Amino acid sequence: HTNNVRLSDVMVHGCIPVIVSDDFHPPMENHISWEETAVFMRTSDIPRLLPLLRMIPDDRRQRYLDQLTAGAVPIAWVMDYSGSEFWVRVFGEAVLQMRAAKEAMRSEWLRAASRLKQ
């Protein structure tokens, strides 16, 4: 699974995450611009992983690093799971996602009930 402690560890240590996944669901997507922060590859790219990584231009690598370490609250700090702020953000985002899912289900139930009454 892509969303685990290793991803956080990579970012907290200021390394560019390389995410090899066909179904990555980014954590804290409201706080992190993942396209600007990580390198994404499909599992079918694994045989060519090293050459593909070497093809990334130095200026692009620098932009990834800048994204991790720059700003008032660097992403490396946002992903530091050892502090309580990380868990507040994670659980806060989880609550928002659950509320959105609940509302979507409720809307679907109301539409279904309306169709049954007709």
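This is a predicted model: local features need pLDDT of at least 70, side-chain atom pairs count only at pLDDT 80 or more; totals for chains, interfaces and linings use all residues.
Student: Great. How many helices and strands are there?

Tutor: The chain has 6 helices and 2 strands. Helices (H or I, at least four residues) and strands (E, at least two) are DSSP runs, numbered from the N terminus. Along the sequence the pattern reads α-β-α-β-α-α-α-α.

Student: And how much of the chain counts as buried?

Tutor: Of its 118 residues, 23% do. Buried means under 20% relative accessible area, exposed means over 50%, and partly exposed is in between, with a 1.4 Å probe and protein chains only.

Student: What about aromatic rings, how many pairs are there?

Tutor: There are 2 aromatic pairs. One is Phe-24 with Trp-34, an edge-to-face pair at 5.5 Å centre to centre with 75° between the planes. Rings of Phe, Tyr and Trp (its six-membered ring) pair if their centres lie within 6.5 Å; planes under 30 degrees apart count as stacked, over 60 as edge-to-face and the rest as tilted.

Student: Where do those two residues sit?

Tutor: Phe-24 is in the loop between β1 (18–20) and α2 (34–37), and Trp-34 is in helix α2, so their pair ties together parts 10 residues apart in sequence. Both Phe-24 and Trp-34 are buried.

Student: Is Phe-40 buried or partly exposed?

Tutor: Phe-40 is partly exposed, because its relative accessible area is 38%. Phe-24 counts as buried because its relative accessibility is 15%.

Student: Switching topic: where is Arg-60?

Tutor: Arg-60 lies in helix α4, which covers residues 58–69. Arg-60 is buried because its relative accessible area is 15%.

Student: What does Arg-60 touch?

Tutor: Leaving out residues up to four places away in sequence, Arg-60 touches Glu-35 and Glu-36. Contact means heavy atoms within 4.5 Å. The charged end of Arg-60 also sits over the ring of Tyr-64, 4.1 Å from its centre. For that, NZ of Lys or CZ of Arg must be within 6 Å of the ring centre and within 35 degrees of the ring normal.

Student: Which residues of α4 are buried?

Tutor: They are Arg-60, Tyr-64 and Leu-68. Seen down the axis of α4, the buried residues fall within an arc of 85°, so they line one face of the helix. The arc is that of the directions from the helix axis to the C-beta atoms.

Student: Why would residues three or four places apart point the same way?

Tutor: An α-helix has 3.6 residues a turn, so residues three or four places apart do just that.

Student: Last one: which residues are buried in helix α1?

Tutor: In α1 (residues 5–12), those are Leu-7, Ser-8 and Met-11. They cover an arc of only 95° around the axis, which puts them on the same side of α1.

Note on methods: Residues are numbered from 1 along each chain as its sequence is written. Side-chain values use heavy atoms; hydrogens and water are left out.
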